[in-house]
Amino acid sequence: SSGEKDKEDKDKEKEKEKTKKKKTVSVKKSRAKQLSVEELALRRKLENALQNYDEELSRCIQRSEQIWEISDFADYPTDYIFSGGANELSRDESWFRVQNINYWGRIGGFSTILKRIEHAKCAVPVSDLVNLIRPIAQLRDMLNRDYFEDFVSKLRAALKLYYKDLPDLVVRELNKQTVEKSLKNLHFMMNNHYGIPQINEAKEKLKLQIAGRQFRAPYAQSRIFGMNDINRFINLAIEKHELQKSSRQRWNFNQSHEQKQREQLVLNLWLDIKFIQRWIEEEGVLEFCLNRQTTHLELVKRLGPIFKLLKYNNAIDIARHIDPLWLLTLGGQHEAIRYTVYELISDLSESLSLEQTKHLFQQIAKTPKQEYDSQMLQLIRKITIQAFMKQEAWDKKHNIVHDEDVAAVADGAGGGGNTAVAANGNANVEPLKPAAVAVDGGDDSQQQQQQKKMS
């Protein structure tokens, strides 16, 4: 009957629910056992760690009592190595303060600070770095001049190692505001004892070191931040060079107050175009960006200021700079990188010599024809025009007249062939401009023929 079937169905559902409950209870019990085992293991580890920490803490307490306890007047040093030296301003300060500074130095306080900063592989946070530098900055007028200068030199070297060897995770979370605080403390420390150029030198070299460390990080965002900072220093160095080279009066009535401040700020910079190029070469920034294994599209897009710097210093080398740059366009490279490289080479073509331009043509000729597109043809056209102009300038410099130019001059003189002379002649014969660049005049058919040759 239907009633019996309903009863059987209900009984089956109850049995299923009971089995489910049994399973859940067994699972919970097994999980509880597993968790208890894990908790016991963690507890053992924690107890062992606490025992080790207790032993280390007791040793530290004994050491601190041994260091800080001054039971007698004779325990104070009498050599005044760190503070209170002869003819020092600190001689007029409190005797107890001077003696405490000397005692702190004698037990290794200053050297310990330097060692802790240098140990960047187990780096202190940048915020703690500020706290390490601040006490010494506050003692700048209390320390003996010789020792202070030696400490500042060692501190600069320690900070350089600190930022150079920072772990990758610390670099990724680097806070520039905290970095600026550490540099401000260094500025404050050096303020009364060093000139502005020396202070700017110390700060700018450290900022470049930080940018170089970010550039070497394995994270794309950190690399881009580092490259942006490097380019900013390059642009500032170029701007300083332009201001120094400019013959106009810097302080004039046409300038606003902000423009005057900006110019003075740039002119006060320590770095210049020679130093920044030397630093880039030592750090291998360009080689890193031109390496197919390490480069990135965003890094290639930011290569413009570096090549601009090389142009200013007349330091473009075809083998070190142009060839590796062109290699980035080969081997099925992404079109975004290829077009960026085409634009860079197009801008560089004006500053290349005639021999360098010929070499560049030879490199372009190695490109497979199936990779030619409109951007490539525009690049070839630009370099071709530059090549004609450079050849013309070279011919003028060496007083070389082409055969067709000689014939044209001779015909214009009524057949007097003796009026046109060769390169070593005495007559002044001005070479004609190549038709490829004479776009402002002449026969249209000749221009079209030359453009066909160029393409």
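Which residues does L303 touch, not counting residues up to four places away in sequence? I looked that up before anything else. L303 touches M227, L286, C289, L290, L325 and L344, where contact means heavy atoms within 4.5 Å.

**Ground rules.** I am working on a predicted model, in which local features need pLDDT of at least 70 and side-chain atom pairs count only at pLDDT 80 or more, while totals for chains, interfaces and linings use all residues. I number residues from 1 along each chain as its sequence is written, and my side-chain values use heavy atoms, with hydrogens and water left out.

**Cores.** L303 turned up again when I went through the largest nonpolar core, which has 47 residues. I noted I280, L303 and L325 as the residues with the most contacts inside that core. There is also a second, separate core of 39 residues, and I found I101, A137, L166 and V179 in it. By nonpolar core I mean a set of buried Ala, Val, Leu, Ile, Met, Phe, Trp, Tyr and Cys residues joined through side-chain atoms within 4.5 Å. Buried is under 20% relative accessible area, exposed is over 50%, and partly exposed is in between (1.4 Å probe, protein chains only). As background, nonpolar side chains tend to be buried together in soluble globular proteins.

**Whole chain.** I got 20 helices and 0 strands. Both are DSSP runs numbered from the N terminus, helices being H or I with at least four residues and strands E with at least two. Of the 455 residues, 36% count as buried. The chain exposes about 28,700 Å², and carbon and sulfur atoms supply 51% of that; the areas come from the Shrake-Rupley method with a 1.4 Å probe, and for residues only the protein chains shown count as cover. I also checked contacts with a separation of 6 or more: residues 24 or more positions apart account for 69% of them.

**Helix α15.** L325 sent me to α15, residues 318–327, where I listed I318, H321, I322, D323, L325 and W326 as the buried residues. Seen down the axis of α15, these fall within an arc of 170°, so they line one face of the helix; the arc is that of the directions from the helix axis to the C-beta atoms. They pack against α12 (285–290), α14 (304–312), α16 (335–348), α17 (354–365) and α18. At the N-terminal end of α15 I found a cap, D317, with a side-chain oxygen 3.1 Å from the backbone nitrogen of A319.

**Helix α7.** I have T178, V179, S182, L183, N185, L186, M189 and M190 down as buried. Within an arc of 150° seen down the axis, the buried residues of α7 line one face of the helix. Q177, K181 and K184 are exposed on the other side. I looked for what covers the buried residues, and the cover includes α4 (126–138), α5 (145–164) and α8 (196–215). N175 caps the N-terminal end of α7, its side-chain oxygen lying 3.1 Å from the backbone nitrogen of Q177.

**Helix α9.** S222 is buried at 4% relative accessibility. Leaving out residues up to four places away in sequence, I see S222 touching V171, R172, Q214, F215 and A217. My other pick in α9 was N231, also buried, with a relative accessible area of 7%. With residues up to four places away again not counted, N231 touches R302, P305 and I306.

**A393.** I found A393 in helix α18 (residues 374–397). A393 is partly exposed at 46% relative accessible area. Its C-alpha is 9.5 Å from that of L354, 39 residues apart along the chain.

**Y80.** What does Y80 touch, not counting residues up to four places away in sequence? I got G85, R91, W95, V98, Q99, N102 and N144. Y80 sits in the loop between α1 (2–68) and α2 (95–106) and counts as partly exposed at 25% relative accessibility. The side chain of Y80 makes polar contacts with the side chains of W95 (3.5 Å) and Q99 (3.4 Å). A polar contact is a pair of N or O atoms within 3.5 Å; within protein, one must be able to donate a hydrogen and the other to accept it, and residues adjacent in sequence count only if both atoms are side-chain atoms.
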